[in-house]
Amino acid sequence: MSKNTLLIGPPGAGKGTQALYLANKFNLARIDTGTLIRQAIKENNELGQKAKSFVAEGKLIPDDLVLALIVSEIKQAQIKEQDFLLDGFPRNLVQAEGLEEILRANNLSLDFVLCIEVDTNKLLERITGRRICTNKDCNAVYHLKFSAPKKDNICDLCDSQLYQRDDDKQELVASRLETYKLETLPLINFYEQKKLLKTINGDQEKELVSASIERILTI
Ligand SMILES: [Zn+2]
């Protein structure tokens with residue numbers, strides 16, 4: 001049985017780490033749409049040129065273009081006899097329906113939809129508590145609660161000041177999580193109805209998250 005898989009999870013839930021792990025473990029072609037688009041633009045191929053024109057105008061890349069990129073990746077994976085692991089797409093119901101159509105048209109199926117679930121409050125705490133050393137040669141990472149520096153706001157290793165990345169600030173993280181929830185809930189219902197959805201408890205050590213995912217894919 002094929003293991004064509006879709007991975008869903010909120011920002012900060014460790015989705016990227018799990019995707020890499022799974023791709024290696026089961027020899028899946030990881031299709032990360034962000035990287036895919038940047039790569040196509042860099043290679044300046046036909047799809048890349050189209051994508052570039054949208055980026056240049058500051059517009060979102062349309063779903064059909066992203067889908068075309070995904071299909072071309074899937075076809076390359078098939079040549080290598082690899083199943084695919086989709087990471088970062090679809091993000092909403094419209095995209096999921098588009099994906100469904102294009103998979104059907106290419107005689108492909110989706111076998112697993114994995115959703116990493118995390119407690120939003122814990123996730124907020126984990127992200128907003130993060131502090132990073134300002135010394136670029138050090139880049140040590142701390143957490144105010146889980147791995148606090150010995151002196152307030154000072155790096156243990158090099159005595160430089162610590163700072164909080166803009167991406168880690170409360171308001172931004174909260175609004176990104178809110179958007180995720182709004183867009184993802186219909187997506188989750190969609191795959192639940194198709195009996196493809198498996199939820200994974202993301203509030204545990206990453207090794208345990210990997211083990212849970214592995215068990216699902218091994219069935
Ligand atoms: Zn430091």
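Colleague: Which residues of strand β5 sit on its covered face, and which on its uncovered one?

Modeller: In this predicted model, the covered face of β5 (residues 130–133) holds Arg 131 and Cys 133. Arg 130 and Ile 132 are on the uncovered face.

Colleague: And which strands does β5 pair with?

Modeller: The open sheet has three strands, ordered β6-β5-β7, with antiparallel pairing. That leaves β6 and β7 at the edges with a single partner strand each, so one side of each has no neighbour in the sheet.

Colleague: How many bridges are there between β5 and β6?

Modeller: Three, with β6 covering residues 141–143. In that pairing Ile 132 is opposite Val 141.

Colleague: How about β5 and β7, how many bridges there?

Modeller: Two bridges, again in the antiparallel sense, and β7 is residues 162–163. Tyr 163 of β7 stands opposite Ile 132, while Leu 162 of β7 stands opposite Cys 133.

Colleague: Switching to Leu 124. Where is it?

Modeller: Leu 124 belongs to helix α6, residues 120–128.

Colleague: Why does Leu 124 count as partly exposed?

Modeller: Because it has 16 C-beta neighbours inside 10 Å, and a residue needs 20 or more to be called buried, or 12 or fewer to be called exposed.

Colleague: What does Leu 124 touch, skipping residues up to four places away in sequence?

Modeller: Val 173 and Ala 174.

Colleague: OK, now the largest nonpolar core. How many residues does it have?

Modeller: It has 34 residues. Leu 7, Ile 8, Leu 85, Leu 86, Val 113, Leu 114 and Ile 116 have the most contacts inside it.

Colleague: Which strand gives the largest share of this core?

Modeller: Strand β4, residues 112–117, which supplies five residues.

Colleague: Pick out Leu 86 for me. What is it in contact with, leaving aside neighbours within four places in sequence?

Modeller: Leu 86 is in contact with Leu 6, Leu 7 and Ile 31. Leu 7 is also among the residues with the most contacts inside the core.

Colleague: Last topic, helix α5. How far does it reach from first C-alpha to last?

Modeller: It reaches 18 Å over its 13 residues, 93–105, close to the 18 Å expected at 1.5 Å a residue.

Colleague: And what happens just after α5?

Modeller: Asn 107 takes a positive phi there, about 60°.

Key
Residues are numbered from 1 along each chain as its sequence is written. This is a predicted model: local features need pLDDT of at least 70, side-chain atom pairs count only at pLDDT 80 or more; totals for chains, interfaces and linings use all residues. Helices (H or I, at least four residues) and strands (E, at least two) are DSSP runs, numbered from the N terminus. The expected span of a helix is 1.5 Å times one less than its number of residues. Two residues are in contact if their C-beta atoms, placed from the backbone, lie within 7 Å. Two strands pair if DSSP finds at least two bridges between them. A nonpolar core is a set of buried Ala, Val, Leu, Ile, Met, Phe, Trp, Tyr and Cys residues joined through C-beta atoms within 7 Å.
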